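Thanks, everyone. Let's take a quick look at one structure together. Please have a look at the screen.

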Amino acid sequence: MLPRKRGGTEPEVEEEQRGEAPHSTPTSTSTSTKKGKSSLFPSSSSSSSSINTMQFNGSSLVNDIDEDLHSRQLAVYGRETMRRLFASNVLISGLHGLGAEIAKNLVLAGVKSVTLHDEQNVQLWDLASNFFFSQTDIGKNRALACVQKLQDLNNAVLISTLTAPLQKEQLSQFQAVVFTEISLEKAIEFDEYCHTHNPPIAFIKSEVRGLFGNIFCDFGPEFTVLDVDGEEPHTGIVASISNDNPALVSCVDDERLEFQDGDLVIFSEIKGMSELNDGKPRKVKSARPYSFMLEEDTTNYGVYERGGIVTQVKLPKVLKFKPLGEAIKEPGEYLLSDFSKFDRPPHLHIAFIALDKFRTEMGRFPVAGSEEDVQKLFDLATGLNQTMGDGNKVEEIDKKLMRHFAYGARAVLNPMAAMFGGIVGQEVVKACSGKFHPLFQFFYFDSVESLPTEPLEADDLKPLNSRYDAQISVFGSKHQKKLEESKIFMVGSGALGCEFLKNLALMGVSCSQKGKLTITDDDVIEKSNLSRQFLFRDWNIGQAKSTVAAAAASAINPDFHVEALQNRASPETENVFDDAFWESLDSVINALDNVTARMYIDSRCLYFQKPLLESGTLGAKCNTQMVIPHLTENYGASRDPPEKQAPMCTVHSFPHNIDHCLTWARSEFEGLLEKTPNEVNSFLSNPGGYASGMQSAGDAQARDQLERVLECLDRERCETFQDCITWIRLKFEEYFANRVKQLTFTFPEDSLTSSGAPFWSAPKRFPRPLEFSSSDPSHLHFIMAGAILRAETFGIPTPDWAKDPKKLAEAIDKVLVPEFQPKQGVKIVTDEKATSISTASIDDAAVINELIVKLEDCAKTLPSGFKMNPIQFEKDDDTNYHMDMIAGLANMRARNYSIPEVDKLKAKFIAGRIIPAIATSTAMATGLVCLELYKVLAGSHKLEDYRNTFANLALPLFSMAEPVPPKTIKHQDMAWTVWDRWTINGDITLRELLQWLKEKGLNAYSISCGTSLLYNSMFPRHKERLDKKVVEVAKDVAKVEVPPYRRHLDVVVACEDDNDNDIDIPLVSVYFR
């Protein structure tokens, strides 16, 4: 799913594209990686317009967005947000692990500039959390040590550094400032400056202390959120509106309505009750799945006739932030993440203030294992609690919690940094763009459940002069050894995989000779990966993901023991990932992007009883699921319902939204340019075999296929580029004029159904034919794209003039377009359950034979060695005209049906089925999973210690809960779950297997292996098999050959109890070797 480096263009070119480079300010403590430029901090834009009363730099600075590179991010943010990001200057102060993660996410997102500030030098301690640091960086300034590697992620972002103490006046040059290592006193001073600055500067303070973390946001006295959730406005298709007060609006049951009480909506295209078409927002109440009440008196309005679209109106929201100095005393409501800890935030609020006071007084952090320091911190917290207002005071300070907090206070753990880096990175994006609802204002989090279950001894927490000392101070050296010796299987090395590899390398997982991480991915690196998959660089395009990612992770930690494979984990590779491989594992981590692969890995983990750490992202949303043997349900136990598919007749003849048009467009693209050329080549390579296959099929689909092949080679064969122009011009006429004329001839606007209802009632939209015009740029561009692609399939060169609008128009005007007359008796499929638009005919076989004869005759006229070049759809290359063709097809069709059109980018998202993705949600998901990995590898945690998470960074929403336990089945004195597998040792017979089950009070009536039935009590002949070995029967009946590396055979047994009740028993494994 996400991470990487973006870049390739020279810095000078990028600066020209982005507008004026930040001004140089002479200083000995500032550096910049841009050639010939140094900078203290980025200058604010001279055109800082105030969407938001904050500095949103004018989008005029940005002329271009690389859509191939940023397509997944654009699908989340949209162009306007991206432009605002590209014009934003950000300061990040404090470059331990958290600062590095925030910087990485923002550089990948593509802000204009990032200034890194840090006065401290790299220590060995820092190598546990900052993946930019290596052993050779120890002693260097932390900001300077990060800058070049951070720049490698994205050459389009200006990276500069500050190594001297900050003055508050320097903050005026930024749209957002982030502090990860600052005293409370200094934070209050800086925030007051940012809060009162005109325009305000977004101030974010975040800390990670061991397994505890917090965030504070202040975006100014009045901050306007332009889009609170990032979701498309909800819509519905109106079916009826009553003349009442309030009015009842009913919508078609095509899709459930997503409106909520209080939403504002507007109406359009209403026939009859036209008063509602005035564009005025109206309030929804009593919202139901397919209807709602409208706060409007429609008694005297016109009577509703038909049609209409109702659309949600999304309004901006103004938030009034309090400065830190006020908010620290009156924090208000905390953003909760775990409702089992609803009373925890006030404790942590006091704990973090107490820690700041401890550091101010003592000049250091508490020492891990020091009870004296725990007592000192506890006393400070108790005193602070007495000064808190009544609403913010806790009943009693939790000393056990305070001990955990004190022990890990100095440590920045990588999983915590990854999680908080994702959240804070997203908050900066919100501050710079107004996209999504900010965190308002405090967020506290802890994961004390990640600690080992046995008590930690003070000696075990002492530093060992290793790169893991920070982690050892929290978990102890014994647990660190478990991490280093663990054997992990990671499936996938895309966006999630890159983040996981970085996290595991920093944590020391599989970082000894006894440990090993095996990663597999059969994919190669593409340009669009680079905006999220941060272990990749542009020179890696075309290389194997797993190999490149593993090498990059090994550079982070040279002790990382990782093996990279390029095998797809599937039934076909079980000789690679064999029983011995699975049995050796401690845990499995999924980094996949599809349900099929997830289900397969889940089945393997279930079979071999291995923990599975599952996660996924969708735009700003992410989820994690822990699958722990015998404790939790497995991944496949609960599944989302399948996506609703539009009926074929809707897509083909009655579209009512742009998705339908794009589905049709992609289908036509693949039919014309890939499937038909492939069929042509299949025929030409083996005419006899192809003809026999069509005759054997003998159905309407085979007939249609032959007709398309013959048409392609005969009437529509192209020999010159002009022929290609003729072909696509006639296709335009066929698709957007003739078919519509035929449809409206067969079903006129006043048609009625058999029940007497109007045929063209919602959701159907009555279409109008298009008239081609060479002066319409969209018509012209469609013809150009179609002609170029048609020429490609026939191997015809594209002349230079083809891209000249004037010359192309002249060529199009030469095409003779025949008059079209609609025909009587044409059948048009209207049945929503139909799976094909081909209509069967009693003489299909005869027509097929006739077509084959014509096709064979046609083949004789072709040049020797003639072959077509099928075109496989590729969405991520903006120069190949694929999306131009599909967007053109979809938009012309949308124009037929008065459906709003979309630009090429939006068309790419829908037709290309692009999954929206951003680095921030990926980072958060992997951080959360790695917090669970601590528990898994400790090996003694209970169900209530684990957490599944759903998060939406747009809202923001964090919902954590303990996993669901597996369903337990009971029989007599036995109980089992989906995790159990029954084993029998010995090369037993079927009769012995039945007797073994009988002794458990189970009467087996059916035994199967794979898809074959080995035994069923209802079949008399099966009794002859009873004295044969189970393995022998499987070999004879199911044709199962047990591979040499496997010692057992699995059978599924159906059983009843003595009362004839079915009992679902576990899989039975016969260990015959």
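Start with Cys511. Cys511 is buried, with a relative accessible area of 6%. Keep in mind that this is a predicted model. Which cysteine sulfur is nearest to that of Cys511? The sulfur of Cys930, and it is 12 Å away. Cys511 is in no disulfide, because a disulfide needs two cysteine sulfur atoms within 2.5 Å.

Now Cys718. Cys718 is buried too, at 5% relative accessible area. Its nearest cysteine sulfur belongs to Cys724, 4.1 Å away. Cys718 is in no disulfide either.

Next, the active site. UniProt, in an unreviewed entry, places the feature "active site" at Cys649. Where is Cys649 found? In helix 17, residues 648–653. Is Cys649 buried or exposed? Buried, with a relative accessible area of 3%; that counts as buried because the limit is under 20%. Beyond its neighbours within four places in sequence, Cys649 is in contact with Phe654, Val829, Thr830, Asp831 and Glu832.

Last, the cores. The largest nonpolar core has 180 residues. Leu116, Leu171, Phe443 and Leu504 have the most contacts inside it. Helix 27, residues 919–938, gives the most to this core: eleven residues.

Setting aside residues up to four places away in sequence, Leu171 touches Leu91, Leu166, Val177, Phe179, Phe190, Tyr193, Cys194 and Ile201.

Conventions
Residues numbered from 1 in each chain as written. Predicted model: local features only at pLDDT ≥ 70, side-chain atom pairs only at ≥ 80, totals over all residues. Heavy atoms only, no water. Core = buried A, V, L, I, M, F, W, Y, C linked by side-chain atoms within 4.5 Å. Buried < 20%, exposed > 50% of the residue type's maximum accessible area, 1.4 Å probe, protein only. Helix = DSSP H or I, 4+ residues; strand = E, 2+ residues; numbered from the N terminus. Contact = heavy atoms within 4.5 Å. UniProt positions renumbered as here; feature names shortened; annotations may be inferred.
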